[in-house]
Amino acid sequence: MDKLPDGTNLVIVVSFGLFVPPRILASAKYGGLNVHPSLLPDLRGPAPIHHALLRGDTHMGVSLQTLDDRAFDHGTILAQSPAPGIPIAPDASFQEVLSAAAVEGAEMLIQGLRDGVHVAPREDVGWKAAALQGKQLVHAPKITKADGQIHWSAWTAEQFARRVRVLGSVWTHAVSDRGVRKRVIFLDAGPVVQGDVLRQGGEGRLVCEHEGADEKRAGRREMKVVLQQDGSCLIGIPGDSWIRVEKVKVDGKPEQMAAIALGSFVR
């Protein structure tokens with residue numbers, strides 16, 4: 001398509017993910033508008049809600065901007081959620097935040113059209129840019145499988161829980177005492193109070209690979225493990241903290257209770 005049908009006034013995109021060519025924007029009387037679920041210029045990119053949740057933001061927002069003819073998410077901010085933004089509950093899921101952003105975005109778009117913010121002269125009313133002055137902007141690239149790979153050396157118990165809540169699961173490579181290497185998917189994970197660690201059945205070791213490591217011994221980490229009578233599994237992480245995992249899926253096998261799924265890997 002070289003241009004839009006005659007008489008087209010405005011192009012509106014929401015979670016479109018593709019670049020609208022200049023020739024298309026030029027063929028609309030007022031160009032184009034984009035509803036973006038972040039407080040631009042923070043979290044430009046295709047997955048702003050995911051990244052806001054993953055970094056533990058307490059607020060997020062929506063921006064109504066013009067469609068730039070050269071770059072994604074670089075248009076003029078015509079409307080933006082008032083500071084500090086939309087509150088994010090500590091245990092909010094991705095879907096809950098997405099739903100809140102959808103309502104805010106729809107209302108913002110309708111009100112913006114009624115107010116004629118898309119008609120020249122267009123005023124930039126974004127406040128977040130000033131708040132980020134002098135700071136490095138954070139982008140929000142597409143979420144991939146790699147975002148769920150466990151960083152044993154860095155993640156806190158709260159970060160384990162957050163990643164599972166946002167991504168649905170996290171994963172690692174476990175190695176048995178026979179050298180069998182399998183991808184292990186944790187379908188849940190949550191923090192455990194140190195005093196609640198019940199050492200039922202004794203303490204073992206789970207050998208996992210470092211993030212991005214090869215199969216050399218130096219690239220592996222041994223994690224403390226306690227298999228619980230209720231079928232769950234307690235795993236010790238840096239900082240003398242523990243996480244509880246109940247459901248696990250080992251590649252090639254069905255979903256199982258963690259104590260059973262990880263049993264063959266615990267030494």
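Hi everyone, thanks for coming. Please keep in mind that what we have here is a predicted model.

Let's start with the overall layout. The protein is split into domain 1, residues 11-132, and domain 2, residues 145-263. Their C-alpha centres are 37 Å apart. How many residues of domain 1 are in contact with domain 2? The count is 10, and they meet five residues of domain 2. Together the two domains bury about 640 Å², with 63% of that on carbon and sulfur atoms. On the domain 1 side, His-50, Leu-53 and Leu-54 provide 59% of the area buried against domain 2, more than any other three residues. As for salt bridges across this interface, the rule finds zero.

Now to the rings. Searching the whole structure turns up four aromatic pairs. One of them is Phe-19 with Phe-72, an edge-to-face pair at 5.5 Å centre to centre and 80° between the planes. Phe-19 sits in the loop between β1 and α1, and Phe-72 in the loop between β4 and β5, so this pair ties together parts that are 53 residues apart in sequence. Phe-19 is partly exposed, at 33% relative accessible area, and Phe-72 is partly exposed too, at 46%.

Over to Trp-152 and Phe-160: this pair is tilted, with 5.5 Å between centres and 45° between planes. Are these two residues buried or exposed? Both are buried. They also belong to a cluster, linked by ring pairs, that includes Trp-155 and Phe-186.

Terms used: Residues are numbered from 1 along each chain as its sequence is written. This is a predicted model: local features need pLDDT of at least 70, side-chain atom pairs count only at pLDDT 80 or more; totals for chains, interfaces and linings use all residues. Side-chain values use heavy atoms; hydrogens and water are left out. Rings of Phe, Tyr and Trp (its six-membered ring) pair if their centres lie within 6.5 Å; planes under 30 degrees apart count as stacked, over 60 as edge-to-face and the rest as tilted. Helices (H or I, at least four residues) and strands (E, at least two) are DSSP runs, numbered from the N terminus. Buried means under 20% relative accessible area, exposed over 50%, partly exposed in between (1.4 Å probe, protein chains only). Domain bounds come from an automatic or database domain assignment. Contact means heavy atoms within 4.5 Å. Buried area is the accessible area (1.4 Å probe) that two parts lose on being put together, summed over both. A salt bridge is a side-chain nitrogen of Lys or Arg within 4 Å of a carboxyl oxygen of Asp or Glu.
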